[in-house]
Amino acid sequence: MFKISRLWCLAVLACASASGAELVYTPINPLFGGSPLNGATLLNLAKEINTFKDEAKTELEKFGDKIKALELTRLQASILAWDGDPTTLPQSLDNEYYNVTVTLMQDGGLRIDTLDKTTLERASFEVSPP
């Protein structure tokens, strides 16, 4: 009986001494109330983590990007508007950046194989027959 009451007293004392203190948020960033001494460290850390490279494009490069996007948009529109007639099969597209091949499948659908020539990534899509 003495051992049980001794354990019970220890448990009560442990719970009584475990009373918690109030949690207080202390900001680190000086812009949000943190210490100004943290500013240089945070800035250097952000510069080290930032992998974005500012690649300013010329107007001619921007124009070329728009032409490439227009080519893909036209191909996409012709695939979506295709009526299933094999004689009006959408044209394949091949330039220095990508190769898109459109083939007619036996079930009447389309298979679109793409190759990104800059990364050599390939993807295939199938479009159900209309």
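Reader: How many bridges join strand 3 to strand 4, and do they run parallel or antiparallel?

Author: Keep in mind this is a predicted model. Strand 3 and strand 4 (residues 121-127) run antiparallel, with 7 bridges between them. One of the pairings puts Arg111 against Glu126 of strand 4.

Reader: What's going on in the hairpin of strand 3 and strand 4, and which residue takes a positive phi there?

Author: There are 4 residues between those strands, and Leu120 has the positive phi, near 60 degrees.

Reader: And which way do strand 2 and strand 3 pair?

Author: Antiparallel, over 7 bridges, with strand 2 at residues 98-104 and strand 3 at residues 110-116. Leu104 sits opposite Leu110 of strand 3. The hairpin there has 5 residues between the strands, and Gly108 takes a positive phi near 95 degrees.

Reader: How much of the chain counts as buried?

Author: 12% of the 130 residues. As for contacts between residues at least 6 apart in sequence, 15% join residues at least 24 apart.

Reader: Switching to rings: how many aromatic pairs does the count come to?

Author: The count is 0.

Reader: OK, what lies over the face of Tyr97 then?

Author: Lys68 does, at 3.6 Å from the ring centre.

Terms used. Residues are numbered from 1 along each chain as its sequence is written. This is a predicted model: local features need pLDDT of at least 70, side-chain atom pairs count only at pLDDT 80 or more; totals for chains, interfaces and linings use all residues. Side-chain values use heavy atoms; hydrogens and water are left out. Rings of Phe, Tyr and Trp (its six-membered ring) pair if their centres lie within 6.5 Å; planes under 30 degrees apart count as stacked, over 60 as edge-to-face and the rest as tilted. A charge sits over a ring if NZ of Lys or CZ of Arg is within 6 Å of the ring centre and within 35 degrees of the ring normal. Buried means under 20% relative accessible area, exposed over 50%, partly exposed in between (1.4 Å probe, protein chains only). Contact means heavy atoms within 4.5 Å. Two strands pair if DSSP finds at least two bridges between them. Helices (H or I, at least four residues) and strands (E, at least two) are DSSP runs, numbered from the N terminus.
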